[in-house]
2 protein chains.
Amino acid sequence: MAHYFLGIDGGGTKTQAAICDESGRVLGMGLGGASGIDSVGADAATVSIGAAVAAARTNAGLPDVPFAAVFLGMAGVVSEADRDIVRRVAQRLRLGDAIHVDHDIRIALAGGLSGRPGIALIAGTGSSCFGMNAAGKRWQAGGWGHLISDEGSSYWFGWNAIRLAAGSGDGRWQTALYAPVMRRLGIEDVAELHQRLYTQGISKAEIAGFAPLVMEAAADGDILALALIRQGVHEMALMVKAVAHNLGWADAPCEVTLTGGLWRAGEVVLTPFRAVLAEMLPQARIVMPELPPVIGACLLALQAGGVIVDAIVRRQINSSHKG
Amino acid sequence: MAHYFLGIDGGGTKTQAAICDESGRVLGMGLGGASGIDSVGADAATVSIGAAVAAARTNAGLPDVPFAAVFLGMAGVVSEADRDIVRRVAQRLRLGDAIHVDHDIRIALAGGLSGRPGIALIAGTGSSCFGMNAAGKRWQAGGWGHLISDEGSSYWFGWNAIRLAAGSGDGRWQTALYAPVMRRLGIEDVAELHQRLYTQGISKAEIAGFAPLVMEAAADGDILALALIRQGVHEMALMVKAVAHNLGWADAPCEVTLTGGLWRAGEVVLTPFRAVLAEMLPQARIVMPELPPVIGACLLALQAGGVIVDAIVRRQINSSHKG
């Protein structure tokens, strides 16, 4: 009897499922609604994951049999209690007996490096750096959330954009960010800023939406925007360095995969990031993600189910997941 | 018939009232509960201001007659709509016909410099810089709130203390702040930080309470704490410079009064602040507050009521307000 493996990427806005067989061939993928436990709760997560799995089964032409192993990479899962909630969700959905749960950075790393040990640097709305070495030792740097951390994230660039615009409006310094930030906030000048931010209110996601203004101003040569990017990539390189040093790669070669929406800004952040990382950790090799996180979850399900993920399996996954 | 003048300092935790006569003699002071419109609303503000005024009248031995002029310096008052709310409160309390309302930085400036033109730099939970020149022109720099600004405030030092501790816990850098910050948060190590900050939650005031840890670590020679203080005082000096330049004191002498709880840390912040301000704005003279904000409000009530606040009146206020 054939064995099937399920990978889940559960996020704050959507859930992805992918099914592969033991050769690594991806048979089908499916999409569901949000399943981040923090944001939607266990019941809604059950519905979303169930929908994504059902769609993947249909696409794979698979009957409703349990999987040999399941790996769920879930946003917002940080504690053992969180993992328990997700395990119970998987039990309610009768996904199988071998259920493995970890945070979504883990599957991003597995996908980004096709299962090889290394480091994942995430810069989306938030930022975080996570690594795992061949011995299974893990380390995280950054990722302490928007309140005190998230250096280099879109949120971080966004609030700094508003901060720099405010200081330009009140005469502390000058930046071309002023006009576009005021326009995006929908206000005439800095005098209306207080009302806009605190009475009307502004969300974390809205603030993150200001990050591209920094990239545009930097591309136009704005000195403060360029300095902010230098600071952001420096902070992120520090995270990578901390993870590398703690996993035994202080001097040994290691791979670093870059995931998250911020990197879509392209060379305006990639070039300075490469430069500062080359200085701090010259032996590190930057890798753009080879596989998406949900396929990383499949790969971890395979490994958890006892399949040796060798070059042949990797090639199989790689050639089949885009199909 | 004698004329009496009323000054009010309305804050987020308490309200102070002071009554003086036209010679500047402070006759009585009183205390009430919170009256910051943002935090408690108009009805509670009416009760708190009413209580403070009643206590001041009793202490002054004054009957319930209207005042010749009233000046209310109120936390959180930034717009004309806010001022209207406070004016209506004053009308309900029948304080008099000549009611003047402004934000609390205005009375801090008036008190700090005994009514002379100049600049007030506030560093309490939040930070802000406000100035007014002899022609009545006003300028503000900073003070855009904890979300994007408040550089150099206790909130700013507090969240940076937690941020630095987090980076020390995950191996990005080293600081002696780690142990005291974890202890104050009531957690064993940085792995519990996420839960503590986001699930349990932490208030703005709690975060501001971490500022003294930075001062203590700096006094013990911690490099990162010292660098943070240098950065904070630099940011605050930039605010003062922006205000000075906008009020015609780019090269002319001006006075800067320092108010707010942060300065109670003493020389650990004062010495570096003096150094950086001397570099940016060498002609500025730093003045520790001569009179408390509520007496500044009295002084502004006198001026609004047509009394010329000359050296004799100033001396009278100065010698009587501590009585």
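**Note on the two-chain model**

1. Gln283(A) is found in the loop between H10 and S10 of chain A. Helices here are DSSP runs of H or I with at least four residues, strands are runs of E with at least two, and both are numbered from the N terminus. The model is predicted: local features need pLDDT of at least 70, side-chain atom pairs count only at pLDDT 80 or more, and totals for chains, interfaces and linings use all residues. Residues are numbered from 1 along each chain as its sequence is written, chains are lettered from A and ligands numbered from 1 in the order in which they are written, and side-chain values use heavy atoms, with hydrogens and water left out.

2. What does Gln283(A) touch? Leaving aside residues up to four places away in sequence, the list is Trp249(A), Ala250(A), Asp251(A), Ala252(A), Pro253(A) and Cys254(A). Contact means heavy atoms within 4.5 Å. A polar atom of the Gln283(A) side chain lies 3.0 Å from the backbone oxygen of Ala250(A). That side chain also reaches the backbone oxygen of Ala252(A), at 3.3 Å. For reference, Thr175(A) is 108 residues from Gln283(A) in sequence and 36 Å from Gln283(A) in space, C-alpha to C-alpha.

3. Next, the sheet of chain A. Five strands make an open sheet in the order S8-S7-S6-S9-S10 (chain A), and the pairing is mixed. Two strands pair if DSSP finds at least two bridges between them. At the edges are strand S8 (138-141) and strand S10 (284-287) of chain A, each pairing on one side only. On average, neighbouring strands of this sheet are turned by 20° against each other, direction ignored. Axes are lines fitted to C-alpha atoms, for helices over the stretch in contact, and angles run from 0 to 180 degrees between N-to-C directions.

4. Strand S6 (residues 118-123) and strand S7 (residues 127-132) of chain A run antiparallel, joined by six bridges. Ile122(A) has Ser128(A) in S7(A) as its bridge partner. Helix H10 (residues 267-280) of chain A lies across S6, strand S9 (254-259) and S10 of chain A. Helix H10 of chain A runs at about 160° to S10(A).

5. Chain B also has an open sheet of five strands, ordered S8-S7-S6-S9-S10 (chain B), with mixed pairing. S8 and strand S10 (284-287) of chain B each have a single partner strand, so one side of each is left without a neighbour in the sheet. Neighbouring strands are turned by 20° against each other on average, direction ignored.

6. Within the chain B sheet, six bridges join strand S6 (residues 118-123) to S7(B), and the two run antiparallel. Leu121(B) has Cys129(B) in S7(B) as its bridge partner. Helix H3 (residues 104-112) of chain B packs on the sheet and touches S6, S7, S8, strand S9 (254-259) and S10 of chain B. The direction of helix H3 of chain B makes about 65° with that of S7(B).

7. Strand S7 (residues 127-132) of chain B pairs with S8(B) over four bridges, in the antiparallel sense. Cys129(B) has Ala141(B) in S8(B) as its bridge partner. S7(B) and S8(B) form a hairpin with five residues between them. In the turn, Gly136(B) has a positive phi of about 90°.

8. Now the interface. Contacts involve 35 residues of chain B and 35 residues of chain A. The area buried between the chains is about 2,800 Å², with carbon and sulfur atoms giving 66%. Buried area is the accessible area (1.4 Å probe) that two parts lose on being put together, summed over both.

9. Four salt bridges are counted between chain B and chain A. A salt bridge is a side-chain nitrogen of Lys or Arg within 4 Å of a carboxyl oxygen of Asp or Glu. Arg163(A) forms a salt bridge with Glu151(B), the closest N and O atoms being 3.8 Å apart.

Terms used
Polar contact = N/O pair within 3.5 Å; in protein donor to acceptor, adjacent residues only side chain to side chain.
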